[in-house]
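Here's a quick briefing to read alongside the model. Have the viewer open and follow along topic by topic.

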Amino acid sequence: MDTSKYENLVPKVFLFVDRRCFPDWEIGRSLIDFHDLTFILEGQADYYINGEKFTLKAGDMLYAPPGSIREAQTCKESPMHSYAFNFFWEGPDNPIRLPFETVTRNWRTKEILEDIREFSHVWMGKQPLYRMKSRAIFQLIVYRLLSIAHHHQTPILDPRVHKVMAYIMDHYAEDVTIADLAQGVGLNPVYLGKLFKQNTGLTCKEFMNKVRVNNAEMILSAGGFNVSEVAEHCGYHDVAYFSNVFKNIKGYPPSSALK
């Protein structure tokens, strides 16, 4: 899953409902112009999205993007209790849909459930700045759901590789070798190299350069330092080499990032 298109999305919830249905509850058939994200806590309901019937039970999540024709009715014998979010993306008209099926089974995690309950308290309490806080909580919920979807498509990192990546990000400005990294996780350097490549698609050196260049770009764009100073700060002792690596990764020379 390409997650880059979701990085700058900011959701704006305009309706949140702690929906505890009566036996005769229903939503009439209509075309929606918003995203509907509904989490089923208890009971059962039938939703019809674009004419297709979906029976939702506790632990299920419904996602209907804008442009969907939606209708619903609860099960009389077991009325639904759900949390429903209707939202748009902030900014200009944005057609991006979330990468979820209409119904996702077993969405419920302890973290997501706690976030939803906190959102509910903030939204209903309407204390000062509640919209800002509720927006932040809902964005965290969407982040958690996207992370789960991404991990379902991408194998989870080997914990030793994760540890090496964290070490590189903490020590990117230092002269770190593959031998140093391997010793830190108790592996042979050659084996670590293969394991790292299998998990990330990059060699340890390529990942190190990526981290260094990303940090260099941030420092350059903030201003106050020249290219030579930034190169040294990010672990490069040869400015020409730094410039070549930067351009290979970013597609433009470091001088272009200077503020």
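How many aromatic pairs does the structure hold? This is a predicted model, and it holds 21 aromatic pairs.

**Aromatic pairs**
- Take Phe-14 and Phe-34 to begin with: their ring centres are 5.4 Å apart and their planes sit at 75°, so this pair is edge-to-face.
- Phe-14 is partly exposed, at 37% relative accessibility, while Phe-34 is buried, at 11%.
- Phe-246 and Tyr-252 are edge-to-face as well, because their planes meet at 70°, over the 60 degrees needed for that label; their ring centres are 5.7 Å apart.
- Phe-246 is buried, with a relative accessible area of 0%, whereas Tyr-252 comes out at 26% and is partly exposed.

**Aromatic cluster and a charge over a ring**
- One aromatic cluster takes in Phe-16, Phe-39, Tyr-83, Phe-85, Phe-87, Trp-89, Trp-107, Phe-119, Trp-123, Tyr-130 and Phe-138.
- Over at Tyr-236, the ring has the charged end of Arg-212 sitting over it, 5.1 Å from the ring centre.

**The sheet and the helix across it**
- Five strands make an open sheet with antiparallel pairing, and the order to trace is S1-S8-S3-S6-S9.
- S1 and strand S9 (103-104) are the edge strands, each pairing on one side only.
- S1 pairs with strand S8 (residues 81-89) in the antiparallel sense, over 9 bridges.
- Helix H1 (residues 110-125) lies across S1, S3 and S8, and runs at about 95° to S1.

**Leu-220**
- You'll find Leu-220 in helix H6 (residues 204-222).
- Why does Leu-220 count as buried? Its relative accessible area is 0%, and the cut-off for buried is under 20%, so Leu-220 qualifies.
- Val-230 is 10 residues away from Leu-220 along the chain, and their C-alpha atoms are separated by 7.0 Å.

Note on methods. Residues numbered from 1 in each chain as written. Predicted model: local features only at pLDDT ≥ 70, side-chain atom pairs only at ≥ 80, totals over all residues. Heavy atoms only, no water. Helix = DSSP H or I, 4+ residues; strand = E, 2+ residues; numbered from the N terminus. Buried < 20%, exposed > 50% of the residue type's maximum accessible area, 1.4 Å probe, protein only. Phe/Tyr/Trp six-rings, centres within 6.5 Å; stacked < 30°, edge-to-face > 60°. Lys NZ or Arg CZ within 6 Å of the ring centre and 35° of its normal. Pairing = 2+ DSSP bridges. Contact = heavy atoms within 4.5 Å. Axes fitted to C-alpha atoms, helices over the stretch in contact; angles between N-to-C directions.
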